[in-house]
Amino acid sequence: MIEVHDLSKRFPDLQQGEIVALDGVRFNVGPGEVFGLLGPNGAGKTTCLRILSTILTPTAGTASIDGRDIVDDPDGVRARIGFLSGSTGLYDRMTARETVEYFGRLYGLDEDRLSESIERIFNTLSMNEFADTLNSRLSTGMRQKVSIARALVHDPPVLIFDEPTTGLDVLVARAVLDTVATLRDEGKCIIYSTHIMREVERLCDRLAIIHRGRILAAGSQRDLLAASEQPDLEEHFFDLVSQFENPVNHDTTTDAGPACEAGS
Amino acid sequence: MTARPRLDLRKIRIVFQRELRDQLRDRRTLFMVMALPVLLYPALGIGMLQMAVVFSEKPRTVVMLGSESLPSPQLMDGPAFATRWFSDPTDAQRLTVETTGRSNTSPESAERLSDARSIRKLFDQRSELIGTDDLVSPPPEKVQELQRLNELINVRLRDSGIDVLVVIPDGFADSLQEVDRLIASRARTAEDPSGYPRPVILVSGNEKSLIASRRVQRVFDSWENELLRLRLEAAGLPRSLPSPVDAAVVKIVGSKQESALVWGKLYPVILVLMTVTGAFYPAVDLAAGEKERGTMETLLISPARRIELVLAKFLTVLVFSTATAVLNLVSLGLTATYMVQLVGSVNPTAEMNLAPPPTSGVIWILIMILPLAAFFSAISLALATFARSTREGQYYLSPLMIIVMLLVALAASPGVELQPFHSVLPVLGPILLLRELLVNPTAAETLAYLPAVLGASFVYAGLALWWAVSQFHSESVLFREAERFDLRLWAKRLWTHKPPVPGAGGAITCLAIGLFGQVLLMQPLAGWLSSLAESDRARAAIWALVGQQILLFLLPAWLLATTLVTDIRRTFRLRLATPGAIAVAAGLAAALHPLVQELMQQLQWFFPQGLPEGSQDFLKTMLGPTQPAWLLLLAVALTPAVCEEFLFRGFVLSAFDRPGRGHVAVVLSAVAFGAVHMIPHQVFYATLLGLVLGLLAIRTGSIWPGLTFHAVFNGIAVLRERWDIPDTLPAWGDWLISSDADTGLSYDWPLLLIAAFAAAALLGALWRWPSPGSDR
């Protein structure tokens, strides 16, 4: 469903020349799977997901979603993905229902399908109470539900979550995680980026550890833990990052480098 | 890349409807667009009416001494001048006259009268001082004394509250009667009886007193006229004797046309202001606001394409811009009409020419709203997209407003009229056309400008829209991070992180030096030239030209390049060109010269007169055959070729050049090249050539072909002025070139045809020129 080959992104910077935000990233994700993108802030997770959702164009490499190339057919890609990030804003002067209706119409849903889809999603996420309240009056948790509904309205086969629990309290964060799990069970292909280990441990079948634009390690949780001498994912993650930062102090045999293949 | 899909109108409609509804739910927008105009003008109208009531003119105090000596006819009517002496009878109430010898005077009035008497004494002293001596070369102590008296009288007048003091000399009536008697008896006396003392109207320099004194003066004038006519009657002569000509000024303007003149000035200004305001605030909210609230990302991920988003947003802004303008104009028109009626019913004689424009005028206003609104909507949207936040967006309003107001002021200046060149300028064209159309809605010669004005305006709107779309495609604009600006850090970076080629900032600095330097040098240069002997002036001007180009173009570019960038060779495209490229450049110059010459000849009607006659003559002598050819070739061909090419095709072109955006860089550098030429027709001409020169530089990757083109092109122009080519050509040459005493040399169509073919072939070759490898 999602295939990413050697994706790179460089930003021109007049003062510093160039910033490498993504360097030869490759992975693929199948249906019914949650792929975790684990990395600290500024690792390149958001850049990678923005490229996959065609907001940014890659400097090098290719990627396709559900068989559509992100550069050659961006319109086709956008029609097949649902995107949700922790920083996604909502139009304050619209109600929850209007927001979801608006995006549903942009996705080309006819009115029957739209109202059916809205009813289903609003029931699942128990949003009917505030469906006709202006977004500006909603709480953070309610707003995130509206965003989820917005991302799901056209029933996309691929879902991209970019740190969707940022700024949410424990209860709402848990609800979001439950929703992701449900969607996985429905057979969606999901890519989930986060810097929180527990979320990865709970949700992801496979994951990639990303740092400074490179994938340092990738595979299933069990594989990753088996390859390292660390007791848990967090220690392993910390170990990889510090190895990358100070390569001389460490054994270089585990250095996977940018070409680390995360095939299924 | 697959073929671009067509615009999805359905998506544009969905986004447009949402944006429109969103704006209509925004209280700030609604207030700016709807509430403000609907409330503002009536409120202003009421305010003005109230002011008129509160600040109605207070009657001014006139004190008259010696009123008992007034002759008939009756000047006074009780405590005021008789109304018959005023052209507007209501003016009589604006002056109260206090005279001596009235029984029921108030204490203040009595005090004023005594003040008046002391002022009169001072004035008599002053008259004595002036009368006894000639004032051509008065002794200094006398001048001092006079100044002291003047000051004293002025202060007394001010302090006493007397606005105008009228002094009728004693026995004035008797003196007049004496003359009357002489007239009646037709007696001729040896001495002229006109030496009797005359009345004096004294006034301080105070503005209000001056207005009052003018009224008093007019009263005395008409009174004097009547006196004169009575005398004529008494002498048995016609009353019309003193005014044998009495030419009448008859103003024949329809009241509608007159009001059109007023509206013609006022409406375009309001139209421009309101289309800008109506476009700007929604645009900031729709573009910068979207970024600020984090909804931009969501919108970009939706299936709507970016061009569809921009068009939908543009349409929304256009609706608000148009609505604001229409509502403002309607509200203003209705308020003005109501006020006119109100004032008219109270005072039917008051002249008010503020009737609303006729229907045809209204239709023209509505038509002209569209190009203006489209232009400003597109510009505002582009600026707002560039802004990171709504606050930053709002900062861009003032520079936009200042430029727009300058254009509006330019349009309002009486010298600027609707003519071909002005009609295609942004903002100026629509304003001038509307002004004409409001006065005369059906004039054929005005209507002929309509397609040009509308066409140019929509082209500008289209360009601005294209800019907005390209902003929406630019990742660096859409995802600009808020950064903290630190001047010291910035300066340090400029030094430590030198880029290989200059950036846009460097190019703009360089252009600003060139442009402002020219303007700044103009005055001192002209002064220096006029201080020289006339025979030396032309030669000095030529050397000044050489110096100016080196100082303003070459030197700044070179200095900035050596200090700010690392790759001077790449910046100035210094690598050698192939002989083929040089040959193509020289051939292209030779082929394009007659064509461009002919084009400019054909377009002469379009451009306003550039230089004043005197300067043109001077330019002719300066560049004429009296100067040695080598000097002219140096000053007009070689120096500009080197200086301008290094600046425009070197520094500026490299600064704007980005991979895949070479054409944009060529256009920008050509426009900059045009801009420094200042005079409209030269700006056009230079921009045109700048495009060719930019193409040469980009395609060959070297500065030398452009330099060759520039030198050859200008060289031909110099030589063409000097040599009488037909004489040196064989007989068959006269169907190529002809000579005329008035216009000088001109090219005939066979030569133009050949030149056109040659130019087309060479440009084609240049277009397909093998792309130069990078010479980093």
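A:Arg93 and B:Asp26 form a salt bridge in this predicted model, with their closest N and O atoms 3.6 Å apart; a salt bridge here is a side-chain nitrogen of Lys or Arg within 4 Å of a carboxyl oxygen of Asp or Glu. The pair crosses between chains, running from the loop between β6 and α3 of chain A, where A:Arg93 sits, to the loop between α1 (9-24) and α2 (27-54) of chain B, which holds B:Asp26. Helices (H or I, at least four residues) and strands (E, at least two) are DSSP runs, numbered from the N terminus. A:Arg93 counts as buried because its relative accessibility is 16%, and B:Asp26 is buried as well, at 7%. For these labels, buried means under 20% relative accessible area, exposed means over 50%, and partly exposed lies in between (1.4 Å probe, protein chains only).

A few notes on the ground rules. Residues are numbered from 1 along each chain as its sequence is written, and chains are lettered from A, with ligands numbered from 1, in the order in which they are written. As the model is predicted, local features need pLDDT of at least 70 and side-chain atom pairs count only at pLDDT 80 or more, while totals for chains, interfaces and linings use all residues; side-chain values use heavy atoms, leaving out hydrogens and water.

Now for the interface itself. Chain A brings 36 residues to the contact and chain B brings 34 residues, contact meaning heavy atoms within 4.5 Å. About 3200 Å² is buried between the two chains, and carbon and sulfur atoms give 53% of that area. Buried area is the accessible area (1.4 Å probe) that two parts lose on being put together, summed over both.

Seven salt bridges are found across the interface of chain A and chain B. One more pair between the chains is A:Glu98 with B:Arg21. On the chain A side, β1 (2-13), α2 (74-79), β6 (81-85) and α3 (96-106) each supply at least two of the residues that touch chain B. Of the elements, α3(A) gives the most, with five residues. Sorted by class, this side of chain A has 15 nonpolar, 11 polar and 10 charged residues; Ala, Val, Leu, Ile, Met, Phe, Trp, Tyr, Cys and Pro count as nonpolar, Asp, Glu, Lys and Arg as charged, and the others, Gly among them, as polar.

Over all chains, the salt bridge count comes to 43. Here are some of them:

| Pair | Closest N to O distance |
|---|---|
| A:Arg93 and B:Asp26 | 3.6 Å |
| A:Glu98 and B:Arg21 | 3.9 Å |
| B:Glu145 and B:Arg148 | 3.2 Å |

A:Arg206 lies in strand β9 (residues 206-211) and A:Glu33 in strand β3 (residues 33-38), so the pair ties together parts that are 173 residues apart in sequence. Both A:Arg206 and A:Glu33 are buried.

In chain B, B:Glu145 and B:Arg148 are three residues apart in helix α4 (residues 140-160), so about one helical turn separates them. B:Glu145 is partly exposed at 29% relative accessible area, and B:Arg148 is partly exposed at 43%. A network of salt bridges that share partners joins A:Arg93 to several chain B residues, including B:Arg18, B:Asp26 and B:Lys313.
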